Amino acid sequence: MAAPSLVEAKRQVNAYVDSGRYEADIAAVADQARAYLESRVRGGGKLAIVLDVDETALSNLPSLRANDYGFIIPGPCDLPGGPCGLGAWIRMAQADAIKPVLALARLARERSVAVFFLTGRPERARAPTERNLRTAGYEWTALILKPDALTTKSAADFKAPERKKLIDQGYTIIVNIGDQMSDLEGGFAERTYKLPNPFYFLP
Ligand SMILES: [Mg+2]
């Protein structure tokens, strides 16, 4: 078998985004979550939704594209030409909202459902993450970031116990939405919603 072509893979990812299919696929999933939330609130209770941040609430597409989908952590972020260091990009706090997810979060607030962000971003990135979420139009109940010193094999090893803590506080998590399976695995949510991410994989 011939080796897969990285050039061709990147071409396909760009075509997926530029054609509008990426946005449409996100909207289809988020619409299902909104419909479930809308039907579920009638049952009452201390309800909550849990949202991931990167490629769920916020889009890092400008930085991903500036790096031609390479993963560059250190250094400054030069847009649009690149390279764009991830740390600098996060500190710039300029990521746009992923609109169908913003609509889901706003619906939750309107229906008095608590909104929790649960992200693998480290605690030291709290200030720019809060600034970015606010600029993007989000309002929330709490933002849960990963402790700076914590490393886990899977993001689920951090995120599932954090969801359990919310349940121990009396919340029923009706919707958990993320772009990685590790955002969703491990239970503690009535429904899980997987957004597409053709750019990167996080265990
Ligand atoms: Mg994510």
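User: Which residues are the protein donors of the magnesium ion?

Analyst: Donors are N, O and S atoms within 2.8 Å of the metal (3.2 Å for Na, K and Ca), and because water is not among the atoms, sites may look incomplete. This is a predicted model, in which local features need pLDDT of at least 70 and side-chain atom pairs count only at pLDDT 80 or more, while totals for chains, interfaces and linings use all residues. Residues are numbered from 1 along each chain as its sequence is written, and side-chain values use heavy atoms, with hydrogens and water left out. In sequence the donor residues follow the spacing D-x1-D-x124-D, and the protein donors, lying 2.0 to 2.1 Å from the magnesium ion, are Asp52 (OD), Asp54 (O) and Asp179 (OD).

User: How many residues apart in sequence are the parts that Asp54 and Asp179 tie together?

Analyst: Helices (H or I, at least four residues) and strands (E, at least two) are DSSP runs, numbered from the N terminus. Asp54 lies in the loop between strand E1 (47-51) and strand E2 (58-59), and Asp179 in the loop between strand E6 (172-178) and helix H8 (181-184), so the pair ties together parts whose separation in sequence is 125 residues.

User: Are Asp54 and Asp179 buried or exposed?

Analyst: Buried means under 20% relative accessible area, exposed over 50%, and partly exposed in between (1.4 Å probe, protein chains only). By that criterion, both Asp54 and Asp179 are buried.
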